[in-house]
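Me: Hi! I have a model open and would like to talk it through with you. Here it is.

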Amino acid sequence: RQLELRVVRELSQIFPLTAIGYERVKADVDRTKRKTAKSGKGFSPVMNGQLWAISQMETIAPTFVREGWQKDGNGTSQIRKHLGLIKDKENKGEAKPETHAVDGVALACGYFVQYSRHITSNTQGYLWKEDVTVTDSVFRIITRPGAVKRGKEYGFFRRQLHFEVPDKFGTRKRKGGTVTPFGFRIGDLVKAAKKDEQFIGY
């Protein structure tokens with residue numbers, strides 16, 4: 001979130017910002033409200049710190065918030081489809097606009113286009129109002145200093161929350177520490193019994 005904020009602040013020094021668009025990610029995880037909720041499986045690390053980030057963006061320029069899909073038809077994905085932008089959801093490791101930029105472009109265009117009710121003397125319904133022409137531009141991925149390439153076109157740090165999510169057996173991924181041939185890490189408490197004696201060590 002701090003990196004996002006820094007990038008926006010740098011851009012505000014170069015370009016006059018009229019408004020900032022921010023997509024708020026939601027996950028259907030609360031079973032206290034609906035029994036059919038996903039119970040945490042839909043949680044995304046992107047949700048962490050969203051409200052704080054929005055409050056900080058508002059200090060730079062007026063900020064409008066959208067969701068990926070909205071009932072009024074003005075969600076980020078709905079605007080993206082209206083503009084004819086194709087999103088690649090399968091190859092997130094590739095550094096290309098179809099993977100990382102199209103949602104941002106759609107979010108920005110959402111300031112100018114709107115899906116709203118249209119009524120005439122003979123008809124009524126919903127139409128897209130206004131229009132935006134999307135042109136090619138420079139594409140860059142910004143990562144924190146020290147990001148390591150992992151056999152891809154760019155590297156990134158794994159989010160802390162990725163390590164905190166246990167696997168299906170309830171075990172969290174190991175973080176650091178030398179593992180011995182016996183499966184122990186340095187510092188683990190080990191108990192061993194030999195005949196009537198018990199040995200404890202680290």
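Me: How many helices and strands does the protein chain have?
Reply: The protein chain has 6 helices and 6 strands, where helices (H or I, at least four residues) and strands (E, at least two) are DSSP runs, numbered from the N terminus. Along the sequence the pattern reads α-β-α-β-α-α-α-β-β-α-β-β. This is a predicted model, in which local features need pLDDT of at least 70, side-chain atom pairs count only at pLDDT 80 or more, and totals for chains, interfaces and linings use all residues. Residues are numbered from 1 along each chain as its sequence is written, and side-chain values use heavy atoms, with hydrogens and water left out.

Me: What is the mean pLDDT of the protein chain?
Reply: The mean is 79, and 77% of the residues reach 70 or more; pLDDT is the predictor's confidence in each residue, from 0 to 100.

Me: Where does pLDDT stay under 50?
Reply: That is residues 148-157, for which the model has 20 contacts (heavy atoms within 4.5 Å) beyond four places in sequence. Where pLDDT is low, the predicted coordinates should not be read in detail.

Me: Thanks! New topic: which way do β3 and β4 run?
Reply: Strands β3 (residues 114-119) and β4 (residues 124-129) run antiparallel, joined by 6 bridges. Two strands pair if DSSP finds at least two bridges between them. These two form a hairpin with 4 residues between them.

Me: Which residue in β4 does H118 stand opposite?
Reply: H118 faces G125 there.

Me: Let's jump to D88. Where is D88?
Reply: D88 sits in the loop between α3 (76-83) and α4 (97-100).

Me: Is D88 buried or exposed, and why?
Reply: D88 counts as buried because its relative accessibility is 14%; buried means under 20% relative accessible area, exposed over 50%, partly exposed in between (1.4 Å probe, protein chains only).

Me: What is D88 in contact with?
Reply: Leaving aside neighbours within four places in sequence, D88 is in contact with K96, E98 and T99. The D88 side chain also reaches the backbone nitrogen of E90 at 3.0 Å.

Me: And R1, where does R1 lie?
Reply: R1 lies in the segment before α1 (2-14). With a relative accessible area of 25%, R1 is partly exposed.

Me: Which side chain does R1 join in a polar contact?
Reply: The side chain of Y22, at 3.2 Å. A polar contact is a pair of N or O atoms within 3.5 Å; within protein, one must be able to donate a hydrogen and the other to accept it, and residues adjacent in sequence count only if both atoms are side-chain atoms.
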